[in-house]
Amino acid sequence: MESQRCFANRFDDYPGSPAAAPDREAAVPLVTATIERILRELPPLGGPRGCPGGLYGGVAGVAYMLYHVAQCPLFAPSRDSYLRAARRVVDACLRYQEGCGEADADTRAAFLLGGAGVYAVAALVYRALGLPEYARPLGKFRELSEVCAPLSFLECGSDELFVGRAGYLCAALVLKQRLGMEVLTAAQIKSICLAILESGKQYAVKKRKPVPLMYSYYGTEYLGAAHGLSSILQMLLSYYEYLQPADQELVWQSVDFLMDQEQNSNWPPELGETIERENELVHWCHGAPGIAYLFAKAYLVSKKPQYLDTCIRCGELTWQKGLLKKGPGICHGVAGSAYVFLLLYRLTGNSKYIYRAQR
């Protein structure tokens, strides 16, 4: 059995003076070559049934990537061709989404695994291309607020990030940031937040949990960012002004409860577990690199130093164990670890974190 899930970090730590500014231009050919390879290897997009797959494991994620690269000034010469490619991809995703609704009824409101993510990306891509049609996927996205309103609209768990309400709110947040407008009405946002709160209260009482809000996904009480408590609380904090004071208090009690579950700067994947060193997960999906985002948000909302301190401890553990053997990806790979240092740099302005991200 593999004794360690990460490579030993042999990099020297921050020398104390700002790192040499990275050569941003040097990254351009690497990114361009990667994009060309991805576009070559895409599945056929032209069929009438379209192309299945959401943001996380499907081709909608390719459209999202192309949209992001097109926004970056370094890629200005390729902006239009990347956006046109993104449109071809997202159009195929929309055809699939609208053509086989009954097959994917459960994931219509899913941000990362289904329809909500596809509609959100379509709106972003169309808007970036200057097309008035962006209003149509935006309308489709808005309609999905009705789908996730019932308390248990999904049997597997209605509140987490990939398929549940937290993800739907996250998608609305992305649209607001990118389009500069609130996509959902205040009443829609409040009703979804209330459903998340009510669901968490009922589960915590029914299962006699020592925390005011708790959730499960496929029967497991996850804590991490992918399917667990941390990203659900993060989304509630992201819509903090829509919560009643009594509910705000329940959110803070739950944040503090989660902070108390820390074991040696990390968190077990599920509630009540003890971390075994040889199996320790230091991933975005399970563990400190994903939970850091909740405490960053908690710090930004409350300005309480203990949340920033917790975030910094997450970063220290990620520096030790973040060079993951599972590859370069975000969910359980090296990129997901590097993101923590970008987060900490934005929070603190400390050059140490940019240095660590570059390593």
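This is a predicted model: local features need pLDDT of at least 70, side-chain atom pairs count only at pLDDT 80 or more; totals for chains, interfaces and linings use all residues.
The UniProt record, an unreviewed entry, places the feature "binding site" at Cys285, Cys331 and His332. These residues span 48 residues in sequence, yet no two of their C-alpha atoms lie more than 6.3 Å apart, so they gather at one spot. Cys331 is placed in the loop between helix H11 (305-321) and helix H12 (334-348), and the loop between H11 and H12 is likewise where His332 is found. With a relative accessible area of 12%, Cys331 is buried, because burial is assigned under 20%. His332, in turn, has a relative accessible area of 31% and is partly exposed.

A nonpolar surface patch of about 270 Å² is formed by Ile330, Tyr339 and Leu342. Of these residues, Tyr339 is located in helix H12, where a relative accessible area of 42% makes Tyr339 partly exposed.

Helix H9, comprising residues 245-260, contains 16 residues and reaches 23 Å from its first C-alpha to its last, which is close to the 22 Å expected at 1.5 Å a residue. The buried residues of H9 are Asp247, Gln248, Leu250, Val251, Trp252, Ser254, Val255, Phe257, Leu258 and Met259. The packing partners of these buried H9 residues are helix H7 (186-206), helix H8 (229-238), helix H10 (288-302) and H11.

A further position considered here is Val121, which lies in helix H4 (residues 115-128). Val121 has a relative accessibility of 2% and therefore counts as buried. When neighbours within four places in sequence are left aside, Val121 is in contact with Leu55, Ala60, Ala63, Tyr64 and Val90. The C-alpha atom of Val121 is separated by 25 Å from that of Ser337, a residue 216 residues away along the chain.

Technical notes
Residues are numbered from 1 along each chain as its sequence is written. Side-chain values use heavy atoms; hydrogens and water are left out. UniProt positions are given in the numbering used here, feature names are shortened, and annotations may be inferred rather than shown by experiment. Helices (H or I, at least four residues) and strands (E, at least two) are DSSP runs, numbered from the N terminus. Buried means under 20% relative accessible area, exposed over 50%, partly exposed in between (1.4 Å probe, protein chains only). Patches are made of residues with over 30% relative accessible area and no salt bridge: like charges are joined within 9 Å, nonpolar side chains (Val, Leu, Ile, Met, Phe, Trp, Tyr) within 5 Å. Accessible areas come from the Shrake-Rupley method with a 1.4 Å probe; for residues, only the protein chains shown count as cover. A salt bridge is a side-chain nitrogen of Lys or Arg within 4 Å of a carboxyl oxygen of Asp or Glu. The expected span of a helix is 1.5 Å times one less than its number of residues. Contact means heavy atoms within 4.5 Å.
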